[in-house]
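Dear colleague,

I am handing over the structure we spoke about, and below it I have set out what was found. Please read the notes with the structure open beside them.

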Amino acid sequence: MNLHEYQGKDLLASYGVAIQRGIVASTLEEAIEAYKKLKEETGTDYCVVKAQIHAGGRGKGGGVKLCKNVDELKTHAGNIIGMMLKTPQTPGGMEGPGKLVSKVLIAEDSYAPDFSACKEFYISILMDRESKRNVIIYSTEGGMNIEEVAEKTPHLVHKEFIDPVLGLQAFQSRKIAFNLGLSGKSFKEMTVFITSLYKAYLGSDASLFEINPALKTGDDRIVAVDSKVRLDDNALFRHPELAILRDTTEEDPTEVEAKESDLNYIKLDGNVGCMVNGAGLAMATMDLIKQSGGSPANFLDVGGTADAQRVEKGFRIILKDDNVKAILVNIFGGIVRGDRVAQGIIDAYKNIGDIRVPIIVRLQGTNAEKAKSLIDASGLKVHSAVQFKEAADLVKQVLK
Ligand code: GDP
Ligand code: MN
């Protein structure tokens, strides 16, 4: 689950990480209120208006605007609230429809008064699966597209791996501050920044923190100007105060619906829908579809209890995707009996009524043969298979 920038910053601040201060607003009136309040705190007229959507590159799309006074604030906040913001990271990129902005963050101008005395850094923390360790990735080339920096100037992207037993060591945060070219007060500030950032990452069971930019201000403080936070869904039960921050309007509506029915669904961009029980079998099924010349339209694990209701819900969810040209059902009857599942499929087919694509069903395991004869006798346009290979050939056939 991803957090909005303002939510991520609140989380960081609760662990003592220095952030660019700001107040969130949903309407123009709230934005003006926030501006006045912030001005009292900062003592300056300057501020930035920042669109709150789950995508980076907002600056490039016009979602981050600097304001020198209340009139500029009114103009920019008025324009940004309610706009469809296109960034290189919103679906379809700059050519896509963009994302609706329903909140803005009115933030202090951390670069004032002397923009040229500031320096932007890139800092992220994530899990490195290869080394099985958390890694802090950092660079002096902050504020820009880090993928591009990594491609063109890989020597400017550094990595610091954290031993899971020892944790982040003091020498490691000093090394990071040193490699970022800091000295004196900003050096000390950076070590504190890194230490508290890592604490926040562990404490919130995050899977990604990306601070781009982390800023060295004119007076040598280090502050998080931006925050991208991704939390581990599987650990959310330990953080009810974070779980409530989920913004489902930012997520794929079909995925949200599936989650409500406790189905494990992830939308992909292929043409063969799949319904499988068990994540391992689902992965194997996706491979099978690829080998048959198709490409999976989704990952869907209906779980161990593939009963009629879940099968029907699964069909309905898969069919919401217009790209789907065929559906492959691959169920292994272990505890669940194959003939029950077959009956579930037949019932679901009849209930839904207008299934517009061919369905290939492979039921293996307990009562597999009985399941096959039920489907064959149903008179429905369902192709049944028992072997993996048979199912693959059927997929190939119907895609022709
Ligand atoms: P992103 O484009 O979605 O990554 O949003 P950021 O929060 O990173 O903001 C984009 C850019 O706006 C930053 O890289 C900065 O250059 C600029 N920016 C953000 N906050 C401020 C600020 O307080 N003052 C000034 N002058 N520029 C800012
Ligand atoms: Mn950024």
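Lys216 is found in strand 10, and as this is a predicted model, what follows about this residue and the others describes the model as computed. With a relative accessible area of 16%, Lys216 counts as buried, because a residue is called buried when that value is under 20%. The side chain of Lys216 is joined to the side chain of Asp220 by a polar contact of 3.0 Å. When the neighbours within four places in sequence are left aside, Lys216 is in contact with Ala117, Cys118, Lys119, Phe121, Leu182, Ser186, Arg221 and Ile222.

In total, 20 residues surround ligand 1, and the closest of them are Lys50, Arg58, Gly59, Asp109 and Tyr111. Sorted by class, this shell holds seven nonpolar, seven polar and six charged residues, and at least three of its residues come from each of domain 1 (21–108) and domain 2 (115–241).

Several pairs of polar atoms can be picked out between the protein and the oxygen atoms of ligand 1. In the side chain of Gln20, an N or O atom is 2.9 Å from an oxygen atom of ligand 1, while for Gly57 it is a backbone N or O atom that lies 3.2 Å from an oxygen atom of the ligand. A polar backbone atom of Glu108 is found 3.4 Å from an oxygen atom of ligand 1. Taken alone, ligand 1 exposes 560 Å², and the protein buries 83% of that area.

His4 counts as buried, at 4% relative accessibility, and, not counting residues up to four places away in sequence, it touches Gln52, Ile53, His54, Ser227, Asp247 and Glu250.

Then there is Thr191, which lies in helix 6 (residues 184–203) and is likewise buried, with a relative accessible area of 11%. Leaving aside the neighbours within four places in sequence, Thr191 is in contact with Ser173, Arg174 and Ala177. For a sense of scale, the C-alpha atoms of Thr191 and Val398 are separated by 60 Å, and these residues are 207 apart along the chain.

As for the protein as a whole, it is divided into domain 1 (21–108), domain 2 (115–241) and domain 3 (253–399), and the centres of domain 1 and domain 3, taken over C-alpha atoms, are 44 Å apart. The C-alpha trace spans about 80 × 50 × 40 Å along its principal axes, and the secondary structure comes to 13 helices and 18 strands. Of the 400 residues in the protein, 48% are buried, and the protein exposes about 19400 Å², of which carbon and sulfur atoms supply 53%. Finally, if one takes the contacts between residues at least 6 apart in sequence, 65% of them join residues at least 24 apart.

Conventions: Residues numbered from 1 in each chain as written. Chains lettered and ligands numbered in written order. Predicted model: local features only at pLDDT ≥ 70, side-chain atom pairs only at ≥ 80, totals over all residues. Heavy atoms only, no water. Near = heavy atom within 4 Å. Polar contact = N/O pair within 3.5 Å; in protein donor to acceptor, adjacent residues only side chain to side chain. Areas by Shrake-Rupley, 256 points an atom, 1.4 Å probe, with all protein chains shown as cover. Nonpolar A, V, L, I, M, F, W, Y, C, P; charged D, E, K, R; others polar. Domains from an automatic or database assignment. Helix = DSSP H or I, 4+ residues; strand = E, 2+ residues; numbered from the N terminus. Buried < 20%, exposed > 50% of the residue type's maximum accessible area, 1.4 Å probe, protein only. Contact = heavy atoms within 4.5 Å.
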